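Keep the coordinates open as you read.

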Amino acid sequence: MKRLATLAAIAAAVLFPFLVTSPYYLHLVVVIAIFSIVTMGLDIVFGYTGEVSLGHAALFGVGAYTAGVLAFQFGLGFWIAIPCAIVVALAFGALLALPALRVTGPYLAMVTLAFGTIVAILINEMTFLTNGPLGISLSKPLFADVREQLPFLEMSRPRLRDVEYYYVVMASFALVVLVINRLLASRFGRAFEALRDSPIASDCMGVSVYRHKVLAFVLSAGFAGFAGVLFAYSEQYIAPNNFSFELSIQFLLAVTMGGRKSRVGPVLGAAIVVYLPNLLADIGQFRAVAGSIAAVAVLSGGWRMIKLPEERLRTLVPVLLCLGFFVFSLLLEKITDYKLTVFGLMILFMVYYLPEGIWGFVRTGLAGFVSAPAPIAARGDDANVWSATAPRVAEGRALLEVKHITMQFGGLKALDNIDLTVMPGTIHGLIGPNGSGKSTMMNVLTGIYTPTAGAVAFEGQDIQGQTPSAIAGAGIARTFQNVQLFGELSLLQNIMVGLNHFYRGGVADVALATPRARREEAAARLRAASLLRFVGLEALAHEEARNLPYGKQRLLEIARALALDPKLLLLDEPAAGLTAPDIKELIAIIHKIRDHGITLILIEHHMDVVMTLSDTVTVLDFGQKIAEGKPAEVQADAKVIAAYLGGSHAEAA
Ligand code: ADP
Ligand code: MG
């Protein structure tokens, strides 16, 4: 189905200049394709990582002006402009993203907003370079040099030039779609989605949120720069006001309206943004389009209502509104008076009724047509799960040594001068009443919190002060008390995020689909499938993680943590919310993990679980260590009984 649609689109694009001879429409399609390159790139940042950029028009302008300046000042042409503009845009992207994404919050939006303003002013003022407000003229490259009228299709020289350029833009567009598809299907795309769903879990899986956000933005800037060159040569004239702040807003609107996280959505959005001004100038056309939209809405909405009866009302409203819009278009006399109103109404409508954009809406209806992903053949034996077997650590030396850790939140000492030694190959229980500081300890160990005082050594190396992703890379994996899955990724993809460390190929490998990139992806898939099998979830491999029942989510989190090949695995209340049979399974899984040489720290409220599993138990109370020893000793400790097991147990004892 998908392949068929792609082939049809390619055929239509190839035949278009022969079917439609009007230069106006040829140019329109070219501009839509160019804008689509920007919006698809912007979608990586906005749709996937969830950051807002208000500077894409400026990056687009940087690309266009690189081409313009090269032609104007140095007489250099199209083919030189492309790599130069991409490099310049990538550099500007890095310049913006590196400082802005260090902190979370709306900083990228603010920085890119400032950038947009500065670029507009600089292009205007730096007359010696950019020719200022007068702009720069260029001329389209001509590839086939023919002197006469072409014998076929009666193509004149200017027409030939336009058609040639059309194919250049279309080929560029196809190339960009291919590269973006590959990137987003790779570990990079998974990382982009994962970090939006749960930044903490991403970092703790060794997928640095910061680095991947920067990467997403820089890539996106590169695409905008590329589109800029295409635009400069398509218009054959550029001026500063082509790249205003408004255009940045339009790019964002295009992605939102068309539908995030797809290729179709941003293209649809770009078509709307480019075409709407023309449409609003011509009432006849406007009616025709409003009519077709209404027809599509009725058809797809009807289908959706049959497929998803529980969403009947949510579907009906937008369909009715589309119909209403058509009626409104019939009543309108002079549409130009209502230009802004129509635009505003469309945006409101989108925000209220189509939060997933047009394509998001249509796609859910189409879900039945799209074939399910192919099942993966998981290797039956556990060998593949442990293929890289956790490197054994020298026996006799502590794997983890925590010294005098204090963690203060304002006046509260969540951890007060705690020492903790974990020997390799053991299961170390960490217990204590609610609020005693157990989870805080995990957050300190994994670098989420920087302790107020004290030191943490892992395999003799000081890890305190390192970033969570560096600590994960060193071999400490964890699960979370409040489950932190990547909700919109499938189970298989969740685990593959944990396998990020396993890849050697970079962005270029992925973009070119080198044998190494394919090999690594296939191996990672197989490994992930085996891990899923290990926790008994392989039947649900392609389900979205957020649809799993709670107990299964916890098991998935353990499998994902194991994907890191950790030496030390921290489990924060893994049995919470699990049913009795699930707990049994969990205990078996924990035993297996330990048998493979992985050391565990286990926080748990189910006493029976901790006591049967642990070699050593540490008890915290109000941030202080009140007891430590073998499970039996700890259980008999008067202080523990008093503080932790509560009055009734104390009496019973
Ligand atoms: P538990 O042993 O139940 O896992 P926690 O480690 O979650 O306990 O919490 C220990 C104490 O530290 C609690 O009083 C909690 O309110 C406090 N605390 C934990 N995280 C923070 C934070 N980020 N800011 C302020 N207080 C915190
Ligand atoms: Mg806790």
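Which residues does Phe35 touch, not counting residues up to four places away in sequence? They are Phe60, Phe231, Leu247, Phe251, Ala270 and Val274, where contact means heavy atoms within 4.5 Å.

This is a predicted model: local features need pLDDT of at least 70, side-chain atom pairs count only at pLDDT 80 or more, and totals for chains, interfaces and linings use all residues. Residues are numbered from 1 along each chain as its sequence is written, chains are lettered from A and ligands numbered from 1 in the order in which they are written, and side-chain values use heavy atoms, with hydrogens and water left out.

Phe35 and Phe60 touch the most other members of the largest nonpolar core, which has 102 residues. Such a core is a set of buried Ala, Val, Leu, Ile, Met, Phe, Trp, Tyr and Cys residues joined through side-chain atoms within 4.5 Å. Buried means under 20% relative accessible area, exposed over 50%, and partly exposed in between (1.4 Å probe, protein chains only). Helix α2 (residues 23–49) gives the most to this core, 16 residues. Helices (H or I, at least four residues) and strands (E, at least two) are DSSP runs, numbered from the N terminus. The core lies between domain 1 (27–275) and domain 2 (280–369), because both give residues to it. The domain bounds come from an automatic or database domain assignment. A second, separate core has 54 residues, including Ile427, Ala477, Leu537 and Val609.

Now the sheet. Six strands form an open, mixed sheet in the order β8-β9-β10-β5-β11-β12. Two strands pair if DSSP finds at least two bridges between them. β8 and β12 are the edge strands, each pairing on one side only. Strands β9 (residues 568–572) and β10 (residues 599–603) run parallel, joined by five bridges. Leu570 has Ile601 in β10 as its bridge partner. Strands β11 (residues 616–621) and β12 (residues 624–629) are antiparallel, also over five bridges. They form a hairpin with two residues between them. Phe622, in the turn, has a positive phi of about 45°.

Ser439 (OG) and Gln481 (OE1) coordinate the magnesium ion (ligand 2) at 2.0 to 2.1 Å. Ser439 lies in helix α17 (residues 438–445) and Gln481 in the loop between β8 (476–478) and α19 (491–498), so the pair ties together parts 42 residues apart in sequence. Donors are N, O and S atoms within 2.8 Å of the metal (3.2 Å for Na, K and Ca); water is not among the atoms, so sites may look incomplete. Gln481 counts as partly exposed, because its relative accessibility is 33%.
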